[in-house]
There are 2 protein chains.
Amino acid sequence: MAGRTGPRGEYAKTQRRREEILAAAFSVFGSGGFLNSTMSEIAKQAGITMPGLTYYFPTKAGLLAAVLDERDLDAVSHLEGRRGVELMRGLVEVAARDESDDRLTQLFTVLSAEATTQDHPAHEYFTVRYRLILDSVRRALEDAKEDGALDEGVNPVIAASMYAAVSDGFPLQRLYDVAPVSQATMITSFFSQLLTPLGRLQLVGGPADA
Amino acid sequence: MAGRTGPRGEYAKTQRRREEILAAAFSVFGSGGFLNSTMSEIAKQAGITMPGLTYYFPTKAGLLAAVLDERDLDAVSHLEGRRGVELMRGLVEVAARDESDDRLTQLFTVLSAEATTQDHPAHEYFTVRYRLILDSVRRALEDAKEDGALDEGVNPVIAASMYAAVSDGFPLQRLYDVAPVSQATMITSFFSQLLTPLGRLQLVGGPADA
């Protein structure tokens with residue numbers, strides 16, 4: 001619609017350039033971690049000069065934050081408005097989508113481990129992210145309990161934490177090429193063993209969904 | 001018994017020095033990963049000169065291998081000769097012992113993520129380690145099934161992989177200070193939900209043990 005040379009064209013070009021940089025940063029951070037990566041490596045991969053890169057992203061930490069935010073916005077919008085078993089199903093869907101991208105798996109695995117040191121620029125990001133995940137999955141499990149979809153004896157706090165552990169730990173087996181199933185199948189199995197037969201039907205999109 | 005200056009004294013001194021180096025490497029690798037660490041950092045931390053360090057360990061990769069082997073020998077000897085639920089209980093005990101050492105947790109978390117790239121010197125180590133873990137836990141679950149200690153419907157291959165995922169993923173929550181329970185409690189909860197009431201009794205060391 002907008003001409004290539006008008007303000008909309010400029011905006012589109014800026015956006016495209018920004019996305020190219022984020023894609024390059026994604027791949028560089030994902031293979032060597034954040035600490036090991038340099039801005040000039042990212043500029044090279046993005047096919048841009050260093051001044052060009054720092055025009056868009058003045059610091060490496062800011063670039064990292066943008067890469068992480070981009071990815072989360074996606075997942076959050078997919079899960080919005082869901083509760084109980086529906087939210088668990090949403091998590092399976094996000095897992096299915098994410099695992100098609102090996103670089104994403106690698107990025108989150110390497111960064112979340114690297115950022116465990118207090119002074120890493122993504123330490124706060126991962127701490128907040130964990131609190132959000134533990135909290136929303138715990139609530140989904142409590143809602144499932146109210147709906148009669150959760151097995152007796154499941155502790156929602158421990159089960160939410162176990163979900164996060166499976167979800168973070170399993171990608172390592174995929175990256176070492178020893179995983180017996182897909183990430184989506186693993187997350188489905190995990191939730192299934194917490195649910196009643198009714199809950200399991202809802203999880204795989206059975207009649208309760210119609 | 002042996003004199004300080006005799007061959008036994010020399011041997012003891014060499015052993016002590018070796019252990020000091022391994023402890024220093026442990027701590028340096030654990031805080032920044034392998035790629036980010038330097039031999040001179042390790043030498044400094046161990047209070048030894050660079051020639052002194054390379055006398056014991058000529059390469060950084062060799063030092064890493066020694067650090068990893070040292071730790072595994074310990075766990076393997078603790079689990080030897082166990083089967084079924086007894087082996088699961090052994091894994092809980094190893095978790096309880098390991099989690100008292102934050103540096104160990106940090107080391108394994110950072111290294112296993114960093115070594116997912118094919119050309120990392122510890123890539124083969126972790127691949128072999130995963131195969132061993134998946135295999136021995138699967139066998140323990142199959143044995144528990146024979147003993148009537150495993151719930152119907154548990155798939156030993158998937159459950160073994162889920163165990164490894166929980167065991168690798170949960171330490172991240174501890175390192176970000178958001179874990180609701182200890183690693184030993186988490187592993188106990190995990191196995192509990194796969195076991196029959198009889199199996200659960202064995203897991204916590206009840207009457208079946210006497």
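**View 1. A salt bridge joins E99(B) and R174(B) in this predicted model.** The N to O distance is 3.6 Å. E99(B) sits in the loop between helix 5 and helix 6 of chain B, and R174(B) sits in helix 8 of chain B, so the pair ties together parts that are 75 residues apart in sequence. E99(B) counts as buried, at 16% relative accessibility. R174(B) is also buried, with a relative accessible area of 19%. Elsewhere, in chain A, salt bridges that share partners link D135(A), R138(A), R139(A) and E142(A) into one network.

**View 2. D147(B) and R83(B) form a salt bridge.** Their closest N and O atoms are 3.0 Å apart. D147(B) belongs to the loop between helix 7 and helix 8 of chain B; R83(B) belongs to the loop between helix 4 (60-79) and helix 5 (84-98) of chain B. The pair therefore ties together parts that are 64 residues apart in sequence. D147(B) is partly exposed, with a relative accessible area of 36%. R83(B) is partly exposed too, with a value of 41%.

**View 3. The side chains of D98(B) and R97(B) meet in a salt bridge.** The N to O distance is 3.2 Å. D98(B) is buried at 12% relative accessibility. R97(B) is partly exposed at 34%. Over all chains, the count comes to 22 salt bridges.

**View 4. Helix 5 of chain A is largely enclosed by the rest of the structure.** Why call it enclosed? Of its 15 residues, 11 are buried. Among them are G84(A), V85(A), L87(A), M88(A) and D98(A). The cover includes helix 4 (60-79), helix 6 (102-114), helix 7 (123-146), helix 8 (156-175), helix 9 (183-192) and helix 10 (197-203) of chain A. The helix runs over residues 84-98, and at 1.5 Å a residue it should span 21 Å. Its end C-alpha atoms are 22 Å apart, which agrees.

**View 5. Helix 9 of chain A is mostly covered.** Buried residues make up 9 of its 10. They include Q183(A), M186(A), I187(A), F190(A) and F191(A). Which elements do the buried residues of helix 9 pack against? From chain A come helix 5, helix 7, helix 8 and helix 10; from chain B comes helix 8 (156-175).

**View 6. Chain B and chain A bury about 3,400 Å² between them.** Carbon and sulfur atoms account for 68% of that area. T116(B), M162(B) and Y176(B) supply 20% of the area that chain B buries against chain A, more than any other three residues. Each chain is represented in the contact: 40 residues from chain B and 40 residues from chain A. There are 0 salt bridges between the two chains, but 10 residue pairs are in polar contact. On the side of chain B that touches chain A, helix 6 (102-114), helix 7 (123-146), helix 8 and helix 9 (183-192) of chain B each give two or more residues. Helix 8 of chain B provides the largest share, 13 residues.

**View 7. Q106(A) makes a polar contact with T116(B) across the two chains.** The contact joins their side chains at 3.2 Å. Q106(A) is found in helix 6 of chain A. Q106(A) is buried, with a relative accessible area of 11%. Leaving aside residues up to four places away in sequence, Q106(A) touches G30(A), S31(A), L175(A), T116(B) and T117(B).

View 8. The same surface serves both copies: 100% of the contact residues of chain B recur in chain A.

Technical notes: Residues are numbered from 1 along each chain as its sequence is written. Chains are lettered from A and ligands numbered from 1 in the order in which they are written. This is a predicted model: local features need pLDDT of at least 70, side-chain atom pairs count only at pLDDT 80 or more; totals for chains, interfaces and linings use all residues. Side-chain values use heavy atoms; hydrogens and water are left out. Helices (H or I, at least four residues) and strands (E, at least two) are DSSP runs, numbered from the N terminus. The expected span of a helix is 1.5 Å times one less than its number of residues. Buried means under 20% relative accessible area, exposed over 50%, partly exposed in between (1.4 Å probe, protein chains only). Contact means heavy atoms within 4.5 Å. Buried area is the accessible area (1.4 Å probe) that two parts lose on being put together, summed over both. A salt bridge is a side-chain nitrogen of Lys or Arg within 4 Å of a carboxyl oxygen of Asp or Glu. A polar contact is a pair of N or O atoms within 3.5 Å; within protein, one must be able to donate a hydrogen and the other to accept it, and residues adjacent in sequence count only if both atoms are side-chain atoms.
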